[in-house]
Amino acid sequence: LDLAQRQNDNFLTLAAMNKVADVIGVNPMRVYEVATFYTMFNREKVGKYFIQLCGTTPCQACGAGEIKETIQKHLGLGPGEEHTKDGLFTLREVECLGACVNAPMVQLNDDFYEQLTPETTVELLEACKAGKPPALTKWGSLPMNGQLSCEGPLGKTTLFEEPPGPGAHMRPDSELTPDTKKEGYISPRQLKEHMYY
């Protein structure tokens, strides 16, 4: 479904869903069920730049409401409107996108732009209008405050040592073997007999 959506200007037509059903050999209803359940699938046209604004608690606490107002004002979207008149942008508020540490953030098509301010949000929108969205970091996102990934302003502050190897903090197998001579020991066979298996 994702591939069909990408090949069809980021939305799924009924014909595309039917083709997916045919290719994978399932009843079309199974494909419709998946496409209607997951919000990652668009069953209506979206703009070239599909902005998904995270609206859950961490982002709201860090200013997502202000970011939403900035986007709406800058793009000329009224209350309840999702699409710009030129079809370039679609704005949709969505549930958690998993970048809470860098809130507030938006997903623009497949890319994450994080730690937004009203000013950096306008910069992002203007770059998109010019056809040049900012390049991402090697981690696949772009904190808009200049820091790298999700490190705080002090940089990396933890996890400096190498992680322990396999088996660290595990009991030896010898401790896992039951002591059949211990008082009260019940074998699996006795337990099954007692439970009438």
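**Salt bridges and charges**

Author: To start, a network of salt bridges links D2, R6 and D110. A salt bridge here is a side-chain nitrogen of Lys or Arg within 4 Å of a carboxyl oxygen of Asp or Glu. This is a predicted model, where local features need pLDDT of at least 70, side-chain atom pairs count only at pLDDT 80 or more, and totals for chains, interfaces and linings use all residues. Residues are numbered from 1 along each chain as its sequence is written, and side-chain values use heavy atoms, with hydrogens and water left out.

Reader: How far apart are the closest N and O atoms of R6 and D2?

Author: They're 2.8 Å apart. R6 and D2 sit 4 residues apart in helix α1 (residues 2-6), so about one helical turn separates them. Helices are DSSP runs of H or I with at least four residues, strands are runs of E with at least two, and both are numbered from the N terminus.

Reader: Switching over, what does R92 pair with in the loop between α5 and β2?

Author: R92 bridges to E82, with the closest N and O atoms 3.2 Å apart. R92 is in strand β2 and E82 is in that loop, so the pair ties together parts 10 residues apart in sequence.

Reader: Is R92 buried or exposed?

Author: Buried, at 19% relative accessible area. The cut-offs are under 20% for buried, over 50% for exposed and partly exposed in between, using a 1.4 Å probe and protein chains only. E82 is partly exposed at 25%.
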